[in-house]
Amino acid sequence: MNTNIIMELKIYQDKNQVAQEFSKYFAEKAKGEASFHVALSGGSTPKIVFDVLAKEFGASIDWKSVHFYWGDERCVLPTDDESNYKMTVEHLLSKIDIPEENIHRIKGEEDPEAEAVRYAQVLKNELPSKNGFPQFDLVILGMGDDGHTASIFPHEIELWQSENLCAVAVHPDSGQKRITITGNVINHSKTVAFLVTGATKEEKVGEIINCDGACETYPANLVAPTSGDLLWFLDKAAAAKIKEGQV
Ligand code: 6PG
């Protein structure tokens, strides 16, 4: 982990508490903002977070000021069970009163290369700019067991440095194509929040936070907001191998 950045570890008992505490954090961040631009992650971890966010804060957050984007999307139909958008509709968007125009989905059904170009333009059009890059208020990230984040996988870690805001990635096992935002977008955001839970993540979390092992080969290790905050919302299982001095 780059030791020059301000990083905060928030370690909780289990994923339910991670979901509760992150939802509280989200509601606080969004409060009073005229516009709050958020990139969502996919996978399974966000499901419980979105459920809690909708249940506990669905009625109190002013969703008219919140704009949702995705950090990555699988190249499938929005009705496909693999779709991050579909998962987000089921666990969050269908339960809150958010204007349709505030939902900026990646169109997984389109030609991947063309969609990467289109979505990069969406980010330029919709987001404020910081040092020439579109700036999110908050980027929510997960981390795979292999240390990937968004859809930048270790075998394609060079995508992190892409000069393009969005890239086409390929899942190393399934070969599934994905659209992902790249390192410059992530590291120009005001805040990045990792949501990582479960024992399967302990190795990579430990290597990244302790800055040892093969951490240099993990895309998640490259997350280092240039002038923003980096928060890790972890449960104890995922944090089990973090050394004493780091916590
Ligand atoms: C995706 C995600 C991906 C995810 C990690 C962790 O589209 O799958 O964006 O980066 O965050 O794979 O996934 P879990 O939360 O399911 O462990």
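Which residues touch the most other members of the largest nonpolar core? They are Phe22, Phe26, Phe68 and Trp232, in a core of 79 residues. A nonpolar core here is a set of buried Ala, Val, Leu, Ile, Met, Phe, Trp, Tyr and Cys residues joined through side-chain atoms within 4.5 Å. Buried means under 20% relative accessible area, with a 1.4 Å probe and protein chains only.

1. Basis. This is a predicted model: local features need pLDDT of at least 70, side-chain atom pairs count only at pLDDT 80 or more, and totals for chains, interfaces and linings use all residues. Residues are numbered from 1 along each chain as its sequence is written, and side-chain values use heavy atoms, with hydrogens and water left out.

2. The sheet. Six strands form an open sheet with parallel pairing, in the order β1-β11-β10-β7-β2-β3. Strands (E, at least two residues) and helices (H or I, at least four) are DSSP runs, numbered from the N terminus. Two strands pair if DSSP finds at least two bridges between them. β1 (7–12) and β3 (66–70) are the edge strands; each has a single partner, so one side of each lacks a neighbour in the sheet. On average, neighbouring strands are turned by 20° against each other, direction ignored.

3. β2 (residues 36–40) runs parallel to β3, with five bridges between them. Val38 stands opposite Phe68 of β3. On the β7 side, β2 makes two bridges, again parallel, and Leu138 is the bridge partner of Val38. Three bridges link β7 to β10 in the parallel sense. There, Leu141 is partnered by Phe194.

4. β7 faces. Leu138 and Ile140 point one way from β7. Val139 and Leu141 point the other way, and all four are buried.

5. Helix α1. Residues 15–30 pack on the sheet, touching β1, β2, β3, β7 (138–141), β10 (191–196) and β11 (229–235). Contact means heavy atoms within 4.5 Å. The direction of α1 makes about 150° with that of β11. Axes are lines fitted to C-alpha atoms, for helices over the stretch in contact; angles run from 0 to 180 degrees between N-to-C directions. Buried residues of α1 include Val18, Phe22, Tyr25 and Phe26. Phe22 touches Val49, Leu138, Ile140, Ala193, Leu195 and Phe233, leaving aside residues up to four places away in sequence.

6. Ends of α1. Asp14 caps the N-terminal end, with a side-chain oxygen 3.1 Å from the backbone nitrogen of Asn16. Just after the helix, Gly32 has a positive phi of about 80°.

Notes: Buried means under 20% relative accessible area, exposed over 50%, partly exposed in between (1.4 Å probe, protein chains only). A polar contact is a pair of N or O atoms within 3.5 Å; within protein, one must be able to donate a hydrogen and the other to accept it, and residues adjacent in sequence count only if both atoms are side-chain atoms.
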